[in-house]
Amino acid sequence: MKKPQFNNKKGGQNKNHSGFRQANFESRPKKKEDFAKVNGGVFVYSKPLTVAELSKAINVPIPAIIKYMFMNGKAVTINQLLDDEMIGTICLEYGYDFKKEEIVDAEHFEDLKIEDDPASLVERAPVVSVMGHVDHGKTSIIDAIRHSDLCSKEAGGISQAIGAYQKDHKGKKITIIDTPGHEAFTAMRARGADATDITVLVVAADDGVMPQTIEAINHAKAANCEIIVAINKMDKPGADPDRVKNELMAHDVIAEDYGGDVMTVEVSAKTGKGIDDLLDAILVKAEMMELKANPNRFAIGTVLEAKLDKGEGPKATLLVQNGTIAASDYVVVGEIYGKIRRMTNEYNAVLKSAGPSTPVAVTGLSAVPMAGDRFMAFPTEKEAKEIAERRALEKQKQERSASAAMSLSDLNNLVNAGKIQDVNIIIKADTEGSAEAMKANIEKQSNDQVKIKVLAASAGAINDSDLLLAQASKAIIYGFNIRPDARITAKANEAGVEIRTHQIIYEVLEEIEALVKGMYKAEQVEQVTGQAEIRHIYKISKIGTIGGSYVTSGTIKAGSKIRLLRAGVVVYTGELAGLKRFKDDAKEVREGYECGISIKNYNDIKEGDIVEGYEMVDKE
């Protein structure tokens, strides 16, 4: 069991800050042994230990440990590092339970795996996002839930910004996030924000499943969100809920009354019919999920939206996911920090504190954060400022390195290292039939160690939504009988998303099969090494034609692959037979030097021809 180093102790309380919270951080890791101790018969450690270190920690002689490991078929030395399995085996042999403790620096608080004492946990409200095809009634449903009039206030009746609201239903709260669409939802996920527990998928009963409905399903599944389907517009004459359920089955969203586990509710945002049933369904699903949090700790959560307010300065809507945030707290948000000056709810009422699953608008930050940024509260300004500065420096380093997305070579390396179990793939093809055929065949390539997950398979060109989903899920996009346009290619390169195109399905399957088996070889690409201009022709018996040449750029290498260009047109492709400097063989000749060149199996060279050398290298 892994336990983070900075954590509340048994949900304890500290009256020094706001009267009810406690923070126990290690803002920097320990310098030496990094915690190795025996406490109550449980050996707790946080890193691989040598035989000598383990001996000292559990008070067992070094020779006894070495002998025990030898008797079990493993020869170890005094300074050899022991892995987790070895440490656990030795501990059990000498009467100790064992537990590995994970140390997380305070500046990496988004990586914190919070494990509170069960006694300190309380039930929290479910966080619900509402998604679906444009004009199917997402905001109208929220409007009906809140008995408000959000829809009429929005340009063209379309959501323009993320809003977060709470609804009381049967004595329990439900937090609802109204997103502008699945792309915003996924853009937040690309920044590491898994803020939603349940997705309400809105489908119009008279319109059925549409392209954006499918995209919303794919994005919700990629986020591992529970799905509840709200079949809206049941007041319309052409309403057909059975048709909607049948269409959803094609996308693995199977209603309960069709033998699946997805709850469906028939509603009409216009008349209010079924809205209470939808709220009931959300509460039932939340109860099944057993959503809990510890209010007695400093808050941690996600930025839902942020802007620069002319009157109040930087303003952010935060979703508290664990702990409690107070109006006087210092918070680190992304790479910025500040002291909360004013905190309000969706009705603009001033709050002194807010617990888990509560959305709040705050002012007092030093700059405008980005939607999806993680935040955490700290007890002092000094600590918050220090951590924000360290996070800013780390972000600069990360921006200089590769994107979060992965190439096929990256995935192959992780598969070989045993560090990845799921490979995510998005399929775009020329027809729906091709897409479905590829999906079925690709998923069959999974084995016990690696699972191939096709997040989406559809016909049509690769679009921005596909790139967002790939970036958020570290997926590879496969195009079958299609090619991305220049704009999409440029955006994919910028985001670090790999797009692989094929025209023969078995090539795709062979590539993925090799990946799953950990045998994928990186794609080879051509790299030009240099060019030489032929200025004189020499014919030598038993050797053939020699071109007296001048290297105009790069380097010409002996035995390399070459192309012979005449007036810009490739007239021959082959290999160099010989490369000389004066009378001596040369391994390579650099720019600015003369050389003699002969081409294997080709003598028809002319003055003015260009010899271009190239080699095949692994694509980065």
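**Exercise 1. Asn348**

Task: Locate Asn348 in this predicted model. Is Asn348 buried, partly exposed or exposed?

Solution. 
- Start with the position. Asn348 lies in the loop that links β19 to β20 (353-354).
- Check the backbone. Phi of Asn348 is near 65°, a positive value, and the residue is not a glycine.
- Take the accessibility. The relative accessible area of Asn348 is 46%.
- Apply the cut-offs. Buried means under 20% and exposed means over 50%, with partly exposed in between.
- Conclude. At 46%, Asn348 is therefore partly exposed.

**Exercise 2. Lys233**

Solution. 
- Lys233 sits in the loop between β12 (226-232) and α7.
- Phi of Lys233 is positive, about 65°, although this residue is not a glycine.
- The relative accessibility of Lys233 is 16%, so this residue counts as buried.

**Exercise 3. Gly260**

Task: Describe the surroundings of Gly260. How far is Gly260 from Met249 in space?

Solution. 
- Gly260 belongs to the loop between α7 (241-249) and β13 (263-266).
- Gly260 has 26% relative accessibility, so it counts as partly exposed.
- List the contacts. With neighbours within four places in sequence left aside, Gly260 touches Ile254 and Ala255.
- Read the distance. Gly260 and Met249 are 11 residues apart in sequence, and their C-alpha atoms are 9.2 Å apart.

**Exercise 4. Two helix pairs**

Task: What are the packing angles of α1 with α2 and of α2 with α3? Classify each pair.

Solution. 
- Take α1 (residues 51-58) and α2 (residues 62-71). They pack at about 120°, with axes 9 Å apart.
- That angle makes α1 oblique to α2.
- The crossing of α1 past α2 is right-handed.
- On the α1 side, the contact uses Val51, Ala52, Leu54 and Ser55. Ile62, Ile65 and Ile66 supply the α2 side.
- Now take α2 and α3 (residues 84-93). The angle is about 110° and the axes are 11 Å apart.
- The range 65 to 115 degrees counts as roughly perpendicular. So α2 and α3 are roughly perpendicular to each other.
- Here α2 contributes Ile65, Tyr68 and Met69. Their partners in α3 are Met86, Thr89, Ile90 and Glu93.

**Exercise 5. The length of α14**

Solution. 
- Count residues. Helix α14 (residues 505-516) has 12.
- The expected span is 1.5 Å times one less than the number of residues, so α14 should span 16 Å.
- Compare. The end C-alpha atoms of α14 are 17 Å apart, which agrees.
- Read off burial. The buried residues of α14 are Val508, Leu509, Glu511, Ile512, Ala514, Leu515 and Val516.

**Exercise 6. The barrel**

Task: What is the strand order of the closed barrel? How many bridges join β19 to β21?

Solution. 
- The closed barrel has 6 strands, in the order β15-β16-β21-β19-β18-β22, and their pairing is antiparallel.
- From one strand to the next, the twist averages 45°.
- Zoom in on one pair. Strands β19 (residues 336-344) and β21 (residues 359-365) run antiparallel and are joined by 4 bridges.
- Within β21, Ala361 stands opposite Thr344.

**Exercise 7. The whole chain**

Task: How many helices and strands does the protein have, and what share of its residues is buried?

Solution. 
- The protein has 14 helices and 34 strands.
- It has 620 residues, of which 48% count as buried.
- Take contacts between residues at least 6 apart in sequence. Of these, 70% join residues at least 24 apart.

Key: Residues are numbered from 1 along each chain as its sequence is written. This is a predicted model: local features need pLDDT of at least 70, side-chain atom pairs count only at pLDDT 80 or more; totals for chains, interfaces and linings use all residues. Side-chain values use heavy atoms; hydrogens and water are left out. Two strands pair if DSSP finds at least two bridges between them. Axes are lines fitted to C-alpha atoms, for helices over the stretch in contact, and angles run from 0 to 180 degrees between N-to-C directions. Buried means under 20% relative accessible area, exposed over 50%, partly exposed in between (1.4 Å probe, protein chains only). Angles under 35 degrees count as roughly parallel, over 145 as roughly antiparallel, 65 to 115 as roughly perpendicular and the rest as oblique. A crossing is left-handed if the near helix is turned anticlockwise from the far one by less than a right angle, and right-handed if clockwise. Contact means heavy atoms within 4.5 Å.
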